[in-house]
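Here is a friendly briefing on two interfaces, one inside a chain and one between chains. Have the structure open as you read.

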Amino acid sequence: MKRILGALSIAAVMAASTVVQAQDIVLQALFMKQTAYSDKDVRDMTNDFEAAHPGIKVNLEFVPYEALHNKIVASISAGSGGYDVALVDTIWPAEFATNQFVDDLTSLVPPRDPIFGGAWKTGEYDGKIWAMPWILDTKYLFYNKDILAKAGFDHPPATLDELTQQAKVIKDKGLADYPIVWSWGQAEALVCDYALLVQAFGGQFYDESGEPAFTKGGALKALQFMVGSIKDGISNPRSTEFLEEEVRNTFSSGRAAFALNWTYMWPLANDPKQSEVAGKIGIVPAPGTPEGSPQAAINGSMGLSIMRNSDKKDAAWQYIKYLTSQETQDKYASMSLPIWKSSYADPKVVKGQEELIKAAETSVAIMYNRPTKVQYQEISTLLQQQIQSALLGLQSPEQAMKDLASQTSGMK
Amino acid sequence: MSGVTINNVKKAYGGFEILHGIDAEIQDGEFVVLVGPSGCGKSTLLRMIAGLEGVTSGTIAIGDRVVNEVHAKDRDIAMVFQNYALYPHMTVEQNMGFSLKLAGRKAPAIRTSVEQVAGFLGLSPLLRRYPRQLSGGQRQRVAMGRALVRNPKVFLFDEPLSNLDAKLRVQMRSEIKSLHRQFPTTAVYVTHDQVEAMTLADRIIVMCGGRIEQVGTPGELYEQPANLFVAGFIGSPAMNFLPGELADDVTSVLLGEQRVSVKAPGHAKPRQRVTVGFRPEHVRFCDSGGIHFKVADVEFTGANSYVTGHIGREQICASIGGRAHVKAGQSASIAIDPASIHLFDTTTGKALA
Amino acid sequence: MFIIVLGVTGYPLLQTIWLSFHSRPLAGHDVQADWVGLANFKTVLENAAFRAAVARTLYFTIVSVLAEAMIGVMVALLLDQEFRGRAFVRALLVLPLAMPTVVSAMMWRLIYNPEYGAFNALLLQIGLIDDYRSWLGAPGLAMNMVIIAEVWKNFSIVAIIVLAALQTIPRELYEAATIDGAGPWARFRNVTWPGILAPLSVALVLRTIEAFKVFDIFYVMTRGGPANTTKTATFFVYDESFAFLRAGSASSYALVVVAISMVLIAIYVRLLRRQDQP
Amino acid sequence: MRRIFWRIALYTSVLLVTTIILAPVCWMFIMSVSSMTDLTARPMQWLPATMDFSRYRMLLTFEPNSPGEIFLLALRNTFLAAAGASILSLIVGFPAAYSFSRLPGRRAPLLYLVLSTYMLPSAALILPIYIALSAFGLLNTPFSLAVVYCSIVLPFVVWLLTGNLNTLPREIDQAAAMDGANLWQTIRHVVLPLSGAAIGTAALFGLLLAWDEFFFSLILTNDLRAKTLSVAIADFAAGRATDYPLIATAGLLSALPPVFIAFFLQRSLVKGLAAGSVKG
């Protein structure tokens, strides 16, 4: 029976693929799965776009973030069979611009003022704009109000020291086996958490002369903090296998008191269908240190680019313009905050997420950028590996950072 | 119908020569058997006639046409394989009619030919069956039928009876013989069994080690073997051989101490070392004055008794009609008719003739 | 035939060799290939991380193939016995074999999941662990957990081949050995083992070559983590080309992997040829 | 007494083997019909409260921009690529196998050469294939994937068919020659009908091999116009996806065709594997 059903569906698929009419412009667009706008949101936006722009159809594809970069690169050579529009992470414009994978959008983008400066940073390289900012995102500290109350705390931690201290009390009282959960799997998510901590400790990836600065100051302290928190049992040791979704699941099931995650977790962790802690959670900017930055935030924004070998660039820009418009963004503001400054004064946008907006006001202003490097992919790969080797106790944080500095020295 | 002419044919694999120049003339309509021990090259020669093996040098002609370069399918010959090589996915009828179908004959014509041959071979009730549903004898017959339907210039048989049991083999042997009598097509038949060769052949070609040892009718081979090999190969039980020396007068030969009179040819030399050959059926037991013979064993087969024993240190066999009157361990005296003694040059192995 | 083989194998292989002596970006505008001699190979061979990955891949290969061999032979011996439902269990052997590698890898990743995995639940409920653990996030452990998944998927190939070989051993040989006074071990040593040795060794070399090429199972289960402890040799080709965009040195990585495979292939061909000559 | 002990040990071991093979797959099935809350419960409830088959329906219903679209299009692509590779390999592989089988002396080293291409790591070939396909604009189509898959399927098909044709007595061909058949007629009327089963087996084997392929598909396809199941499954299962029941369902459904083929083929599969390993 199932086979027959399957066969019928295949027949339906074959038929459906010919429905598109000849005169339609068909855009190929590449997005990622989960975090920020969900697949469904993007589909809904796209349907609205198609309704408003007859003659343009958009084929959507969603890949996991981990596959996004390589998919874009692999499609570059596919000629007109490649993508027209692709979602581009804030760390890629240097590489994509240098290799001429994407178009320069500087002359197309709207005036800069109404949009947050941090958002513009997303697609900027060499003074030009290569991606139109779309997802304005940073990481916040989420906390479980119930657990904090039971532990006797009436406010979320304001500094990393306080975070550690509260977590210890929570652990000792048996309120959570491992109070903090992070996305420390071997992936870019790990670099985001690390970069945020580097900012908190007032460090930097590269010093003024452009040499790697991993071995000194905040960059080293951040790693020592990470390693220490696992050793002390206040961070979930399984974090070394986690990405954002595992963080969300652990936090949503009430097994963690604190979690560091992107905006998208706010509505989802407050959704009773998906979460056991709905309504019991708080969100604040990630805490910093007195000697470094009082608060910390990582620029995790993403933008939309037009691929250089696209032959439907006008339609592609119309699509990007539609998705990034204030109107569209306001409508879906509960999943990802708009890039438009004035939206935050709009009661419709603010309603129901006052707490988030309040945190965002601080965080967005201070968003820390990962280094803009052509060879960022390689640097990040080495960084992930060295951080993990320290987290997993394979070598000391000092040694890991020393190795990293020598490996990345000289990379563009 | 046509004969086969083989002219100085050699075959080598790599640098290794296995046929050293074969000459033979097979007459139109003749039934010739190639016989020899395994590895003598008889099958290779047959396959070269068939076109399944290339000719290294020399020529093979069918009729007047040299066929060295002619593909097997165009030589107009039929072959019966040792394992029959029937097409397993075709019925008996399709198997037999396949060659006609390939030749482009119309279905009704094919049917008539197949039915005719099938009727002749007693295969009519089996036409719808597949080879796997047939007994060994039936398969053999289908293989024959397949060859017959074609009405080829030459028939080739590659040990066609060796997969059958003894009784069936005798029966098929006589069927082949009578078939050939009815359809006197040139036939080349390979076997290692000299009895088969003797019973079937018009002429026999005896081969050994890639050479022809002798060509002749069964009678000629039996009565006038050209050399020790042929003498030992043809006849069952095999011919007895004793080392000897011609006497000065060349009318007798010395076997150890004993003197046996022979009919030596004129060119024999006195004191020449010879091998004396005589067939078991030519041995006679006599009361006294014969050659001293020590009986080792007596085998009674019904019509005959085979008596084995020793003359000096040589073992020989005697075939006696009916029951033998000697017993194992007994000493006896035997005589051999001088006319039935064959003399061979011990060094060359050739018959003194 | 040869055109296709050349087209999909010969030509690319030669091109890979050509590329390995050049510096060439994978994609972009005005792609140029510059001759760099052996520089790419120097980079590859001097890369300690790559050498470690080769060692890791060999570890994976040897341990999983040995385990497959042992389990495969034992299962084959077991399924050669008479018992009810034998045909069913034998048929079951093709299940792991036919399941796509990616699906099996994904299945095991779900089983090992640190938060919801059945593996954690099972061990916790029978009391072997007191808290859920991260199986694929722990260095050392992760590799061995992937090996378990690999062995589950592939032991059945060995078992099937050995089982078939067992059935070609004439029963008379066992009877003769028993009459000669051989016990179960002696019968195994002198009758069974010689009978399965040849097919077993071919199966193992084949598995060895395939295991050394491994990519998909790690791609799905660990992506090389944690801390690169499951990053196998093929990953370097993938990263170098499609993440770092260097087609030239990526080819050099590929060729080093090929060179090691070649040694394994040579062994395989030798084994085959030896069997061809009876 | 010893006998009873032996029987108990035997059946225990058989049960163990059966469990080891079946348990993971059963668990995947349980996941596929469970709800997320069933799966996250601690302690784990092994059987879900209610069986929920909605993901099966979701994946088998074609609806634009849905998981069903991804799954069904990937299924189509996989089928096209695998069947294409299989057919192409048979068309060129059969004559090759026939010549290998009938002229063994001189061609044997070539056969080993072809065989060893099967063992080359895909990584050794991927870059030039990628560059060449992109130059011709042939990336991201199931048909170029089918051609590329030939590098895996073809050597295997040749090997399998050669082994099989070797068991066909050469006298059959020779008898056909005697009957006046040329090479083509021999193949068409005699060899092909007799190797029908072997060809079928080789085709299905090829299908299995291609169905399992991952690396080429990962790199040579971009989107649903060509992406195959193995890559789609890897995507489903990648880092940030958490609908575990849906992932499990997709895995089970995409394993169904090859498992079905394998069970159907079981006898010849086993025979083929065994013959291959014994005779090469």
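No salt bridges are counted between domain 1 of chain B and domain 2 of chain B. In this predicted model, two residue pairs do make polar contact across that interface, both at pLDDT 80 or more.

**Domain 1 and domain 2 of chain B**

- Helix 7 (218-223) and helix 8 (228-233) of chain B are the elements that each give two or more residues to the side of domain 1 that touches domain 2.
- By class, that side of domain 1 of chain B holds five nonpolar, two polar and one charged residues.
- Domain 1 spans 4-233 and domain 2 spans 240-345 of chain B, and their C-alpha centres are 39 Å apart.
- Eight residues of domain 1 of chain B meet six residues of domain 2 of chain B.
- Together the two domains of chain B bury about 630 Å², with 61% of it on carbon and sulfur atoms.
- Tyr222(B), Leu228(B) and Ala231(B) provide 73% of the area that domain 1 of chain B buries against domain 2, more than any other three residues.

**Chain D and chain C**

- Here 82 residues from chain D and 87 residues from chain C take part in the contact.
- The two chains bury about 7,600 Å² between them, and carbon and sulfur atoms give 79% of this area.
- The interface of chain D and chain C has zero salt bridges, while six residue pairs are in polar contact, both residues at pLDDT 80 or more.
- Helix 13 (residues 244-279) of chain D gives the largest share of the chain D side, 18 residues.
- That side of chain D divides into 65 nonpolar, 13 polar and four charged residues.

Notes
Residues are numbered from 1 along each chain as its sequence is written. Chains are lettered from A and ligands numbered from 1 in the order in which they are written. This is a predicted model: local features need pLDDT of at least 70, side-chain atom pairs count only at pLDDT 80 or more; totals for chains, interfaces and linings use all residues. Side-chain values use heavy atoms; hydrogens and water are left out. Domain bounds come from an automatic or database domain assignment. Contact means heavy atoms within 4.5 Å. Buried area is the accessible area (1.4 Å probe) that two parts lose on being put together, summed over both. A salt bridge is a side-chain nitrogen of Lys or Arg within 4 Å of a carboxyl oxygen of Asp or Glu. A polar contact is a pair of N or O atoms within 3.5 Å; within protein, one must be able to donate a hydrogen and the other to accept it, and residues adjacent in sequence count only if both atoms are side-chain atoms. Helices (H or I, at least four residues) and strands (E, at least two) are DSSP runs, numbered from the N terminus. Ala, Val, Leu, Ile, Met, Phe, Trp, Tyr, Cys and Pro count as nonpolar, Asp, Glu, Lys and Arg as charged, and the others, Gly among them, as polar.
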